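Work through the exercises below with the model open. Each task is followed by its solution.

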Amino acid sequence: MDALPPKNLYPYTVSRPIYSNPTFEEDNERQAREERTLRDRLSRTCGCSGRQALKVVKGVFPVIDWLSRYPIREWLPSDVISGVSTGLVCSLQGLAYALLVSVAPVYGLYSAFFPILTYFLLGTSRHISVGPFPVTCLMVGSVVLTLAPDDHFLLPGNGTAVNGTKADGIVVDVETMEAQRIMVASSMTVLVGLFQVVMGLLQVGFLVCYLSDPLVGGFTTAAAFHVLISQLKIVLSVPTNNHSGCFSILYMLIDVFTNIRQTNIADLVAGLLTIVIVMAVKEVNTKFRHKIPVPIPIEVIVTVVAAGISYAIELESRYDASIVHSIPRGFAPAQPPNIELLWNILGSSFSTAVVGYAVAVSVAKELIAFGFSNVFCGCFSGFVASTALSRTAVQESTGGKSQMAGIISAVMVMIVILALGHLLEPLQKSVLAAIVIANLKGMFMQVTEVPTLWRQNRADCFIWLATCLASVVLGLDVGLLAGLVFEMGTVVVRTQFPACSTLGNIPGTNIYRNMKDYKNIAEVPGIKIFKCNAPIYFANIDYFKERLRATVGFDSVRVFKKRNKALKKIHKLIKKGKLRATETGEVVSEVSLGVDNKGFESERDSGRESGQVEDGDWPVPEVEVRVDWAMELPVRVSVPKVQIHSLVLDFSAVSFLDVVAVKSLRLVIKEFLRIGVNVYIAGCDDEIVWKMEALAFFDEEVIRDLLFLSVHDAILFIKLETANGSMQDAMVEGLSLMQDCKEPPPFTEEEDLIETYDNQHRAIHGLSN
């Protein structure tokens, strides 16, 4: 067996032709893309057969597919255990999250029940648990408090009313307020569901992709702050005003600390104990999850114990504790949404729909299923449902195998609604609020991601911080929009100022890398290789050209203007007889530093001496004048030096070109060509080539032969052309002059004006046509 090369490097050899794009397409028979007409697409989409119909039905109702193959013996026992555990958690979280929506706790039970039924039929995820989620509940609650605040339901009174709450001689009509608030919440839920269904049917779920992980992390952390502050008043049991929108957290904190002396000690103690116990047991569940067969249902245990203590000690009558009071048995009748409210909640509903889907997208991409679940839930007096990782984790960790566990959890919620709900009426609201706060730990722990983001990508870190700060200060709706705008701004900035580099060759290989990153790398003599690592479009084309000028070391427009000026001066001096061209075309001065060249005599000298011709009018044959721009010129014009003869643009990382970029690139190439620098584009994807063809990038000067498959193909081609002598020398320029002609020089003022970086419109509408 042969010994391995050093450092386990395995060399390989590839032998193939040097491919430009046209030769590669010709050799490999490039095929034209088939453009289907609208009629063809509709016929393929709308065609119907028995198999297609069954496929459509199974796509709409996935339960038909998996239920027929459900292994009852293997999965049903695990699903029953998981369903019972998850159902109890769903019931208690439904009661607790109703406080975030500012409606009676029983509506939280409805929200924990109805979405599960719809998702069982339409959903595809086996482990997801559908129900209320703190962030969406808080967004709905913000709209509820805006459209139905306490101030709208105040009645004059001088005593304790049966139908209201007395406060300083003012009675709040609680029954009317509850009815109006649940109408707002359920109407918004229906509208949220409709938005999600429409988005799913239009296949616009990809919009949620713009909600990046840093943005969602910052937003949910800010939502956790809002939830914490909203539940703080319930744990302390202090009166506060209703606040929503900008600076609502600040106003709420001011109210809480203003009335801090009215804190109910019984509610505060119950709330603090609940927070400590629930968080401690959850840590135990997490730490010993591999040893404990079923997580300890601590929320259920705490709720049952707290309700029993409150009933036994009579906390409401003795200590004025705030309790749940009434949990009516049975379901509320179905009712349609209030059409008059829909226009007032349109924007908030759309943002809630997007957030609800964004929260669930990490575990299931099913927009239509969530939409119908919310429509169905809203028609039965529920509020927005999504998914929560805590409930989903419970369902999975307790052995749930399918959505059969979900339907069993719905049965458990139904049992609570029909039979067990009244047993929780003595439960203190502070206990429910404490359960909500204890479940916020996961969202608050996202703060620990900030240092990691700062080290990995500061732009993502700024997105996280900006979204979190905006959502805390401006409110969740406006904060989410502000965070999204900021995120889009960072994307624009990063593409507007892309990373550009000068490439060099690793000796003896076909590998080209950034010159700044490696020591063992060499620049190809006479050639610059420029790479742009981003799409090129209207916003960054100027930056692209600026970086290109810095790479090549000169401005092609300025070089052209200076050369033009020098050639015109040379032309004038030749006409005047102060310069002459030798037989090889070299320009020679007849007067060098003020000293006559007496060693040179010609017919022109003798003619001039005999007075037969005047200066500038001597007839001579056509002469090809060659100017070596690398040498000192016979005229006093400072022409920038051009040290390269070829430029290779590496477009392997360019994924997109727009019309402005294509026109500008064509101008840039022509600007280099007219000063003798050949330009080649390497590594273009077929999509980019098709885009160039569609946007009329190629013409008589900018031809398809400048495209090469790779940078190495272009470099080898340039070296071959240089060795064969067919490469134009950028240092030497030829000018054909009829020295006996008094016509103006071929480089006119009009040509001198076109194609400048500072006058892009003139260039685009001039030379590009």
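Angles under 35 degrees count as roughly parallel, over 145 as roughly antiparallel, 65 to 115 as roughly perpendicular and the rest as oblique. This is a predicted model, where local features need pLDDT of at least 70, side-chain atom pairs count only at pLDDT 80 or more, and totals for chains, interfaces and linings use all residues. Residues are numbered from 1 along each chain as its sequence is written, and side-chain values use heavy atoms, without hydrogens and water.

**Exercise 1.** Classify the packing of α11 against α12.

Step 1. Take the axes, which are lines fitted to C-alpha atoms over the stretch in contact, with angles from 0 to 180 degrees between N-to-C directions. Helix α11 spans residues 265–287 and helix α12 residues 298–313; their axes come within 10 Å and cross at roughly 155°. (Helices are DSSP runs of H or I, at least four residues, numbered from the N terminus.)

Step 2. α11 and α12 are therefore roughly antiparallel to each other.

Step 3. List the contacts (heavy atoms within 4.5 Å). Thr274, Ile277, Val278, Val281 and Lys282 of α11 meet Ile298, Glu299 and Val302 of α12.

Step 4. Sort this contact by class: five residues are nonpolar, one is polar and two are charged. (Ala, Val, Leu, Ile, Met, Phe, Trp, Tyr, Cys and Pro count as nonpolar, Asp, Glu, Lys and Arg as charged, and the others, Gly among them, as polar.)

**Exercise 2.** Describe the second largest cavity.

Step 1. On a 1 Å grid over the protein atoms alone, a cavity is a set of points where a 1.4 Å probe fits but cannot get out; lining residues have an atom within 4 Å of a point. Points are joined across faces, edges and corners, and a volume is the space filled by probe spheres set on them.

Step 2. Five cavities of 30 Å³ or more are counted.

Step 3. α9 gives the most, with four.

Step 4. By class, the lining has eight nonpolar residues, one polar and no charged.

Technical notes
On a 1 Å grid over the protein atoms alone, a cavity is a set of points where a 1.4 Å probe fits but cannot get out, and a pocket is an open set with protein on both sides within 12 Å along at least five of seven lines; lining residues have an atom within 4 Å of a point. Helices (H or I, at least four residues) and strands (E, at least two) are DSSP runs, numbered from the N terminus.
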